[in-house]
Amino acid sequence: GGFRAVSVDDDTGSILFNREIQDVVMKEFGPKGLSVLGFDACLMAMAETAYAFAPSTEVLVSSEELEPASGWHYSKWMNQLLSKPTMSNADLGRVIVEMYRTEYGNEYITTLSALNLADIRESFAELSMFADAVAAAGADELANVKAARAQLSSYGASTSPPLKTSVDLITLLIRFESLTKNDQLRAQSAKLRDHLSKHVIDNYASTRSADAATGNPYGSKGVAIYFPESHRAFLADGYHNGYLKTNTDRPVDFVKNETWANLLYQILGLK
């Protein structure tokens, strides 16, 4: 359920929700007032997270996949920032991603990406237009999106029980383009994919989390999206209420404002 909460306190059971951080950052820093926001936590490089912090933050650094327990090695990137405090927001994002790449290499299923959040909500509005076009195209195209999803492994699949709720968005579009016979939808998907890719400042993925074209089913390109593999997987997600349009408890702006959720409802047979 990383689309909705960052962590749970093992001692108190208190949950740190994305919405709470989103509201505090906007209150304390104002529009585009925070240069770089990093999440040293699992499953945070998601469309929903980028959308939430786009109004307040310039660069988001986070992982599509689970993180090793040791997390970030802070001194490695902080020392570089101290030696060059005038580096740009994008360069700091690259430094943090490179720190992670150096730290973990191919040892685990690891990812980290730096995203430029400027105008990223416009790209997600394009995603809504794509979702609406797929829905209007009928059963064959809904089936193609579902089949594209089935070709990808979910992030967090290495846990027990495995998570089955998020996949790489850009690779999902690539797989859809290979399945559809609708030239207009293929072109719309490719254009959307190109715009999303331009937001990725830097992206690290271990060999086991790399390009799906190599035979690996994750295809980590830098930004994930909520897409449970089935109706059952949606209901099994303890945070699935956050993906309901009717939810008012710490609402997810991406769900409220865009139409990706509507497409999921059709594909997964949800009301």
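**Strand pairing and a helix contact**

Me: Which residue in E4 is the bridge partner of Gly38?
Reply: The model is predicted, with local features needing pLDDT of at least 70, side-chain atom pairs counting only at pLDDT 80 or more, and totals for chains, interfaces and linings using all residues. Residues are numbered from 1 along each chain as its sequence is written, and side-chain values use heavy atoms, without hydrogens and water. E3 runs parallel to strand E4 (residues 57-62), joined to E4 by 4 bridges; strands are DSSP runs of at least two E residues, numbered from the N terminus, and two strands pair if DSSP finds at least two bridges between them. In E4, the partner of Gly38 is Val61.

Me: Which strands stand at the edges of the sheet?
Reply: The open sheet has 4 strands in mixed pairing, ordered E3-E4-E5-E7. Two of these strands have a single partner strand each, so one side of each lacks a neighbour in the sheet. The edge strands are E3 (34-38) and E7 (200-205).

Me: Is H5 roughly parallel or roughly antiparallel to H8?
Reply: Helix H5 (residues 120-137) and helix H8 (residues 183-197) pack with their axes 10 Å apart, at an angle of about 160°; helices are DSSP runs of at least four H or I residues, and angles run from 0 to 180 degrees between N-to-C directions of axes fitted to C-alpha atoms over the stretch in contact. Angles over 145 degrees count as roughly antiparallel, and those under 35 as roughly parallel. The angle therefore makes H5, relative to H8, roughly antiparallel.

Definitions and conventions. Angles under 35 degrees count as roughly parallel, over 145 as roughly antiparallel, 65 to 115 as roughly perpendicular and the rest as oblique.
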